Amino acid sequence: MLLASETSIQLTNALEKLIDSGIQLGERVLGALIIFIIGKFLVNWLNRLFARILEKRKVDPSIQSFLKSMVNILLLIMLILAVIGKLGIELTGFAALLASAGVAIGMALSGNLQNFAGGLIILLFRPYKVGDFIEASTGASGTVKEIQIFHTILITADNKMIYVPNGAMSSGVITNYSKLDTRRIEWNFGVDYGEDYNKVEKVLREIIANDKRILTSPAPFIELGELAASSVNIKIRVWEKIRATPRCSGISWTGKNPLTRAWPSSSGLPTATPARMWWSFPATAEMRWPAVWWKSALPPVHSLPLPASTPAAPF
């Protein structure tokens, strides 16, 4: 009888301890949950406040996105530490655990640390900023939307979002299409053999002069470029002011050649069409050897008449 009463007392004490431990654990979990909810609200509020301060001080958008990302991560780390402390986990033991696993964590985060350092280099030397159209050595190209602490976000011309690591951006080749105000454009324009070159050049200069996007200084360059198989190719180089037109509306962005658009209506001269020249001559026994064939069967180049319009291929 005495033994049964002692066992009953022990079970009662164990149950009371279990209930007390459950209540304490529940209080800790509830407190940690409350801290997390309130803390998340405070983090969002502080992020918005920090963003307003940066905008009010007119900080560069490239630096704004980087600082906002870094402040957000720091606030989240502080919130996680507060939640861990409320749960009753000793922060000293947690720090010792992180220190013991520091080598493994460092190896795992080596790429992210490189990206973080790359982001600092980009903000320091500023090879590009938010709003610039760039092309990276990774093959990605687009308009810079954000420069975050680990990645640069690009928006492509067909409205796709690309995340490029800052490490690759800081150590690779970057082509910035928005850095300079002017850009040179080059065209090759072909006309038929037999056309008056001076008249062609005059018409080309009139078309270029009527296009307000093309600068007069440096002066447009128009010269004979090549005597091709079926056309006389004229090389044209002009300059346009990128910032004078809305983005993606200039000649170099749209790819619309004002020469080909205005030529048929203003010049009265035909453009060249692909053609193939055929020459017939009597076959000789010497044609079995290419070198002898070229010397004996084909008439000299200077004696070949240039037709006004190159004959098209018979098929």
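**Salt bridges, helices and strands in the predicted model**

Glu 186 and Arg 184 form a salt bridge, with their closest N and O atoms 3.5 Å apart. The model is predicted. Both partners are partly exposed: Glu 186 has a relative accessibility of 36%, and Arg 184 has a relative accessible area of 43%. Glu 186 also forms a salt bridge with Arg 237, where the closest N and O atoms lie 3.1 Å apart. This second pair links distant parts of the chain. Arg 237 belongs to strand β8 and Glu 186 to strand β6, which covers residues 182-191. The two residues are 51 residues apart. Arg 237 is partly exposed as well, with a relative accessible area of 27%. Through shared partners, salt bridges join Arg 184, Glu 186, Lys 235 and Arg 237 into one network.

The structure holds 8 salt bridges. One of them pairs the side chains of Lys 129 and Asp 132, at 3.3 Å from N to O. Side chains of opposite charge can pair when their charged atoms come close. Lys 129 counts as partly exposed, at 32% relative accessibility. Asp 132 has a relative accessible area of 3%, under the 20% limit, and is therefore buried.

At 26% relative accessibility, Trp 239 counts as partly exposed. The C-alpha atom of Trp 239 is separated by 5.8 Å from that of Ile 214. Along the chain, these two residues are 25 residues apart. Ser 231 is buried, with a relative accessible area of 8%. Its side chain makes a polar contact of 2.9 Å with the side chain of Asn 233.

Val 200 is found in helix α7, which covers residues 197-210. At 1% relative accessibility, Val 200 counts as buried. The C-alpha atoms of Val 200 and Ile 234 are separated by 9.3 Å. The two residues are 34 residues apart along the chain.

Strands β3 and β4 run antiparallel. Strand β3 covers residues 151-155, and strand β4 covers residues 161-165. They are joined by 5 bridges. His 151 stands opposite Pro 165 in β4. The hairpin of β3 and β4 has 5 residues between the strands. In this hairpin, Asn 159 takes a positive phi near 65 degrees.

Helix α1 runs over residues 2-56. A nonpolar patch on the surface is formed by Leu 30, Leu 33, Ile 34, Phe 36, Ile 37, Ile 38, Phe 41, Leu 42, Trp 45 and Leu 46. Together these residues have about 960 Å² of accessible area. Leu 46 is placed in α1 and counts as partly exposed, at 33% relative accessibility. Phe 36 also lies in helix α1. Its relative accessibility of 41% makes Phe 36 partly exposed. Patch membership calls for over 30% relative accessible area. Leu 46, at 33%, therefore passes this cut-off, and so does Phe 36, at 41%.

Helix α2 comprises 26 residues, 61-86. From its first C-alpha to its last, α2 reaches 38 Å. This is close to the 38 Å expected at 1.5 Å a residue. Buried residues in α2 include Ser 62, Gln 64, Ser 65, Phe 66 and Ser 69. Leu 75, Leu 79, Val 83 and Ile 84 are also buried in this helix. Just after α2, Gly 88 takes a positive phi of about 95 degrees.

Note on methods. Residues numbered from 1 in each chain as written. Predicted model: local features only at pLDDT ≥ 70, side-chain atom pairs only at ≥ 80, totals over all residues. Heavy atoms only, no water. Pairing = 2+ DSSP bridges. Helix = DSSP H or I, 4+ residues; strand = E, 2+ residues; numbered from the N terminus. Buried < 20%, exposed > 50% of the residue type's maximum accessible area, 1.4 Å probe, protein only. Polar contact = N/O pair within 3.5 Å; in protein donor to acceptor, adjacent residues only side chain to side chain. Expected span 1.5 Å × (residues − 1). Salt bridge = Lys/Arg side-chain N within 4 Å of Asp/Glu carboxyl O. Patch = residues over 30% accessible without salt bridge, like charges linked within 9 Å, V, L, I, M, F, W, Y side chains within 5 Å. Areas by Shrake-Rupley, 256 points an atom, 1.4 Å probe, with all protein chains shown as cover.
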